[in-house]
Amino acid sequence: MTRIMRVALLGVLAVVLAAGPALAQEKVKIGFITSLSGPAGIIGEHMKNSVELALDHLGRKVGGLDVEVIYGDDQRKPDVGKQLADEMLKKHKVHFVSGIIWSNVMLAVAPTVTSAGTLMIGTNAGPHQLAGKMCNELYFTTSWQNDQTPEAMGKYMRDQGITDVYAMAPNYAAGKDMISGFKRYFEAKLVGEVYTKLGQQDYQAEISQLRAANPKAVFVFYPGDMGIQFLKQYAQSGLREQIPLYSVYTVDEISLPVVKEAALGQWETRYWSPDLKNAANQKYVSDYKKKYGKMPVFYGAQSYDGIMLIDSAVRAVKGDLSNTKGMVAAMRKADYKSTRGTYTYNVNHHPIQNFYLLRAVKGAGGQLEMQIQKTVFENHKDAYYKECGMKW
Amino acid sequence: MTVLLIVEQVLNGLQYGVMLFLMAAGLTLVFGIMNLVNLAHGSLYMVGAYLATFFYTQTGSFLLAALLALPATLVVGIVVELVALRTLYERDHLDQVLATFGLILFFNELVAIVWGRSALYTTLPAWLSGHVVVLPGLRYSVYRALVILVGLAVAILLWLVVSRTRLGMLIRAGASNRTMLSALGVNVTLLYTVVFGFGAALAGLAGLMAGPIYAVQTGMGEQILIQVFVVIVIGGIGSIRGALVGAILVGMVDTFGVFVKPMLGTVLSPVAADSAGPAIASMLIYLLMAVVLALRPQGLFPTRAS
C-alpha cells in the first residue's frame, strides 16, 4: 500500500468517525418488539402495519427528525424479548423501545430498558407490577393496565344480576390479572376458576369440566390465536346456545373474520372500538382499511398511538434526544391526537380512560363487526396506582 | 354425573391420543429407520391442514378434500425427502436438526405468503357437526368420535402393513439393522423415500382432521410436535406399537390434568391449589416421560436396534 493511499484511508476514516455521532443525533431510533412469527404473528402484523401507517401520517418523520424503526420478533417468549431489547440498546443504540404484546415478555423487557436509562413505551401488555410497585419514570403505556378491561366486564355482569360465573384464562401474568380484575368488580364468588396453558390449542377437556360444573355464565380471556380456538370449540360443543359467554380480548377484529357466526352477539368490554367517533380514529380506521384491506384491531390502535406519543415527546424537546427529562414531562401530558380521544396519564404513567361495552353485530355490509353499546366506566383509574411511589 | 364426566374425559384423551399417534407413527419410523431427526414433521401436519382446508373451500365437500389432501401431502413429503433430506442421512444429528429447523421456517413463511397470517377457519359439514349419544346423559361430538374411529382404524391398518406385508418386513428390518438390509440387496434409498412419504401422509391426515377443530395457522405444527417427541421417546424410537401406546398414554395424562386442581384442592389450601394446579397439570406428560426414561431408558417398546 502506498503512503498516499494510507493517508487517504486514514482521512476517510477520520471523516466517518467524526460524522458518526452527528448523524446519529439527527435520527430517532425506535426498537419495536412484537410477535411476528407463529400463531401470534397475526397480532404482530397488525401492530407493525399500524406503526408504518403512523409514520406515513407523520410524513416518515418523528418529531421532525428522520426515523428508523427496528422490528424484533419475540416469538411470545420472555427470554427472546429480553435478548432483543439488549441488542436494540447496545447494538442499535435506540432512543425508545416500544411494542410488546405479552405481559410475561413485558415483565422481562421493561426493567431491562428502563435500567439502561432508555424510554419504554408499551403498546399492549399492562401487567399490574408495572402499574404498582415496579412503576418507573421511563415507562409509559398507550394501552391499559390488564385489570381495567375485565373490571368493566365484572361491573357490567354484576349490574345485570348475573350469578354463578365460571372463569377461564391462560396461565400467565396477564391471565391472572384479568381474573383478579374481573373479581374486583363482580364481587360474587366464582363457580370455577380455570387456568390453561399459554398457547393451548384444544380446550375440549376444560369444556367438559365446564359443562359438568353447570354455571349460569362463562367469562373468558383468550387473546389472539387462543381466542379463535376457544370460540370455535365452545360453539362446536353446543354450549354457546346453553351458557352465555362473556369475554375480554377474545372477540376482536382478529378473531371475528375467522370464526364469523360462532361469535355473533358476543359481549366484550374495551377502551377502543373502530366505531369511536373522533377525527384521529376515523382517519386511522379508514386509512388502515385502505392500505391493508382489513379492519384494524385495538393492538394496532395502541401501536399507532405509541408512535404518536413518541412524536409528541421528540417535538416537545425540539429534537434534542438527550433530554430524557423533557421527553418524560411532555409524554405525561398525553398531548397528541389519540385514536381513543383525549385521555390523561395517572401518576404511574397508565392512561385514565373510558371503558365501553361492545357487541359483535352484523354491520351494514353484512360482515361482523364490534360496535359500542354503552359506556361502563368514565375516566377509569387502575387499581394499583396508589402503590406506585412516583410523584409529579 | 362424575362417572359420565370421567367417561367423557376418557373419550377426549383418546381423541387427542390418536391424533398424536398419527403424527408419532411417521416420526418414529423416520427416526428409527432412517436415523433422521425430522423437526419439520410438524410442518407436514400444517401443510396437510392447509391443503385440506383449501380443497374443502374449493370443492365444498369434506370427503373429497380429504381424498385430495392426503396424496398431495404425500407428494410434498416425497419432494422434501428428495430435495432436502436425502443429503442429511450420513450427517450427524445436529446438522439434521439445523436443516429441518430451517424447513420449519421455510414452510411457516410459505403458508403465510400463500394463505396469509390470519388463521383459516372451516365449518364442519352438517353430517359431522351434530352429537351422538354415547351413554344416557352423555352426548359427544360426531366429528371427534369420527377422529377416534379413523385413528384406531389407521393404527390397525399400520399394524397389518408392518407385520404382514413385504414392505412392513423391510421396514422392520431397516429399524433393526440398516447396513445388513442394504447388504442383502434391498434398495434402501427407495425404501427411505417410501417410508418418509407415508410418514408425511400420516402427518397430513392428522393435520386435515385437526383443521376443523383447531385453527389452521402458521406454526400450528410446532405446537403439537413437542408432545409428539414425548410420545416417541416414551414409546421407544422406531416402534409403531410404542407410538400407539405412548400416544394414548400422553393423550390421557394430558387430558386428565384438568382433575389435578380439584384433587389438590382436597389436600392443599384453595390458594395453593390454584397456583400449583395448572403448573403441575402442564408438567404431567414430561413427568411421565421422566419416569419412563428412568425405568426404561429405551422406551416402553424398544426396537432391537444395536
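This is a predicted model: local features need pLDDT of at least 70, side-chain atom pairs count only at pLDDT 80 or more; totals for chains, interfaces and linings use all residues.
Helix axes here are lines fitted to C-alpha atoms over the stretch in contact, and the angle between two of them runs from 0 to 180 degrees between N-to-C directions. Helix H9 (residues 220-235) of chain B packs against helix H12 (residues 270-295) of chain B at about 25°, and their axes are 10 Å apart. Angles under 35 degrees count as roughly parallel, so that is how H9(B) and H12(B) are described. Their crossing is left-handed. On the H9(B) side, the contact is made by B:Gln227, B:Val230, B:Val233 and B:Ile234, which meet B:Ile285, B:Tyr286, B:Leu288, B:Met289 and B:Val292 in H12(B). By class, this contact comes out at eight nonpolar residues, one polar and no charged.

Helix H8 (residues 188-210) of chain B turns up in two further pairings. H1(B) goes past H8(B) in a left-handed crossing. The H1(B) residues involved include B:Met19, B:Leu22, B:Met23 and B:Ala25, with B:Ile33 and B:Met34 also among them. Their counterparts in H8(B) include B:Tyr192, B:Val195, B:Phe196 and B:Phe198, as well as B:Met209 and B:Ala210. This contact holds 20 nonpolar residues and two polar ones, with no charged residues.

The other partner of H8(B) is helix H2 (residues 41-59) of chain B, packed at an angle of about 50° with the axes 7 Å apart. That angle makes H2(B) and H8(B) oblique to each other. Here the crossing is right-handed. From H2(B) come B:His41, B:Leu44, B:Tyr45, B:Met46, B:Val47, B:Gly48, B:Ala49 and B:Ala52. They meet a run of H8(B) residues that includes B:Ala200, B:Ala203, B:Gly204 and B:Leu205, with B:Gly207 and B:Leu208 also on the list. Sorted by class, the H2(B)-H8(B) contact has twelve nonpolar and four polar residues, and again no charged ones.

The contact between them involves 16 residues of domain 1 and 14 residues of domain 2. On the domain 1 side, helix H2 (41-57) and helix H4 (103-115) of chain A are the elements giving two or more residues. H4(A) has the largest share of that side, with three residues. In class terms, the domain 1 side divides into twelve nonpolar residues, three polar and one charged.

Within chain A, an open sheet of six strands runs in the order E2-E3-E1-E4-E5-E6, with mixed pairing. Its edges are E2 and strand E6 (139-141) of chain A, each pairing on one side only. At the E2 end, strand E2 (residues 61-62) runs antiparallel to E3(A), joined by two bridges. A:Lys61 has A:Asp66 as its bridge partner in E3(A). E2(A) and E3(A) form a hairpin with two residues between them, and A:Gly63 in the turn shows a positive phi of about 60°. Further in, strand E1 (residues 27-34) and strand E3 (residues 65-73) of chain A pair in the parallel sense over eight bridges, with A:Ile30 partnered by A:Val69 of E3(A). E1(A) also runs parallel to strand E4 (residues 96-99) of chain A, this time over four bridges, and A:Ile33 stands opposite A:Gly99 in E4(A). Helix H3 (residues 78-90) of chain A lies across E1, E3 and E4 of chain A, running at about 170° to E1(A).

That leaves the contact between the chains, which draws 30 residues from chain A and 26 residues from chain B. On the chain A side, the elements contributing two or more residues are H2, strand E8 (192-196), helix H8 (204-213), helix H9 (225-236) and helix H10 (256-259) of chain A. The class make-up of that side is nine nonpolar, 14 polar and seven charged residues.

Key: Residues are numbered from 1 along each chain as its sequence is written. Chains are lettered from A and ligands numbered from 1 in the order in which they are written. Two residues are in contact if their C-beta atoms, placed from the backbone, lie within 7 Å. Ala, Val, Leu, Ile, Met, Phe, Trp, Tyr, Cys and Pro count as nonpolar, Asp, Glu, Lys and Arg as charged, and the others, Gly among them, as polar. A crossing is left-handed if the near helix is turned anticlockwise from the far one by less than a right angle, and right-handed if clockwise. Angles under 35 degrees count as roughly parallel, over 145 as roughly antiparallel, 65 to 115 as roughly perpendicular and the rest as oblique. Two strands pair if DSSP finds at least two bridges between them.
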